[in-house]
Amino acid sequence: MQIIQRTSTQLKLKILPLLIWMIGGIIMSIGVRQSQQIGRYRVICDRLPDSGHCEISQSSFWQTRRQTFPLKDLQGAEVVLHNSRNRNTAYKVVLLLPGKLIPLHDFLSSDRPAHQKQADLINQFVQDSTQSKLAISRNMLGLMITPFLLVCGTGLLTIACFGQIIILKLDKPSNQFILTWRGILGTKRIEHPLRNIARSYVEPSISRRIGRQTYVIKVMLTSGETFAVTPYKSSGYEEKLRTTQEIHSFLGIEPTETT
């Protein structure tokens, strides 16, 4: 909570959803990182009478990387196994060079036969000196769009639905209580006569998803109707309690901690 203005006739508070912004940003960064690992790759090797060379290019939405090396350094290819944290088995093709391995692509997949077919083509080219050229390519940009949009969309949706900047204004001369939510999807205002505000309080609840207590600031009208100040529940009881205390102090209402 940030106090923008506090006088005897006006109180203006701002609540910034920093945690929501951070969570949404982390989710979006995961989507961007995943998209960097899937794209278009190509390996081309030319066998010349006296020499030869190979070039590997790997492209994504964000960058293109190229590596070249002499054909005589290419010893073959093999499919390597990778066990992920969720115990799923995945594979990728690596090129065998003296003292090092060069991945044909950055992404992992469970389609071992497809990877093995590519490794066999490379090994046949290495062993058969009559083949003058090797060209293997695959465009995975279409597969990249789905996880990118899904993960980044989830992060953006989190910010859009719960990441509003909240401004609370209490003005005695105009007898107005104004609650404003400003976010990506637009602005929402809740207005009531100041005399209709009975009290504000912190309402606790148990989150089934995270298994701990969360809180939300609520305002009660003299009619008994209530509404939430924020569109989400979160931890941080003390800060929310200070917000209600500011409202009570300004209105001259006896403070109330929780329901």
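Cys 152 is buried, at a relative accessible area of 11%, where buried stands for under 20% relative accessible area, exposed for over 50%, and partly exposed for the range in between, with a 1.4 Å probe and protein chains only. Cys 161, by contrast, is partly exposed at 31%. The model is a predicted one, in which local features need pLDDT of at least 70 and side-chain atom pairs count only at pLDDT 80 or more, while totals for chains, interfaces and linings use all residues. Residues are numbered from 1 along each chain as its sequence is written, and side-chain values use heavy atoms, with hydrogens and water left out.

**Disulfide**

- The count comes to one disulfide, a disulfide being a pair of cysteine sulfur atoms within 2.5 Å.
- This link joins Cys 45 to Cys 54 with an S to S distance of 2.1 Å, and both Cys 45 and Cys 54 are buried.
- The link of Cys 45 and Cys 54 is right-handed, with 115° about the S-S bond.
- In general, a disulfide is a covalent bond between the sulfur atoms of two cysteines.

**Salt bridges**

- The count of salt bridges is four, each defined as a side-chain nitrogen of Lys or Arg within 4 Å of a carboxyl oxygen of Asp or Glu.
- Arg 6 and Glu 246 form one of these salt bridges, their closest N and O atoms lying 2.7 Å apart. This pair links distant parts of the chain, 240 residues apart, with Arg 6 in strand β1 (residues 2–6) and Glu 246 in helix α4 (residues 237–251); helices (H or I, at least four residues) and strands (E, at least two) are DSSP runs numbered from the N terminus.
- Within that pair, Arg 6 is exposed because its relative accessible area is 52%, whereas Glu 246 counts as buried because its relative accessibility is 18%.
- Another salt bridge brings together the side chains of Lys 72 and Asp 73, at 3.5 Å from N to O, and Lys 72 counts as exposed at 73% relative accessibility.
- Arg 189 and Glu 191 also form a salt bridge, with 2.7 Å between the closest N and O atoms; Glu 191 is partly exposed at a relative accessible area of 41%, and Arg 189 counts as partly exposed at 49%.

**Surface patches**

- Patches are built from residues with over 30% relative accessible area and no salt bridge, like charges being joined within 9 Å and nonpolar side chains (Val, Leu, Ile, Met, Phe, Trp, Tyr) within 5 Å. The accessible areas come from the Shrake-Rupley method with a 1.4 Å probe, and for residues only the protein chains shown count as cover.
- A patch of positive charge on the surface gathers Arg 40, Arg 42, Arg 66 and Lys 133. Lys and Arg count as positive and Asp and Glu as negative, while His and the chain ends are not counted; the place of a charge is taken as NZ of Lys, CZ of Arg, CG of Asp or CD of Glu.
- Arg 42, a member of this positive patch, lies in strand β3 (residues 40–47) and is partly exposed, with a relative accessible area of 35%.
- A nonpolar surface patch of about 430 Å² is made by Leu 19, Met 22, Ile 23, Ile 26 and Ile 30. Ile 30 has its place in helix α1 (residues 18–36) and counts as partly exposed at 32% relative accessibility.

**Separations in sequence and space**

- Ile 3, found in strand β1, counts as partly exposed at 33% relative accessibility, and the C-alpha atoms of Ile 3 and Ile 167 are separated by 9.8 Å across 164 residues of chain.
- Leu 121, found in helix α2 (residues 112–127), is partly exposed at 38%, and the C-alpha atoms of Leu 121 and Leu 134, 13 residues apart along the chain, are separated by 8.2 Å.

**Backbone**

- Asn 175 has a positive phi of about 55° although it is not a glycine, and its place is in the loop between β10 (165–171) and β11 (176–183).
- Most residues other than glycine have a negative phi.
- Asn 175 is partly exposed, with a relative accessible area of 21%.
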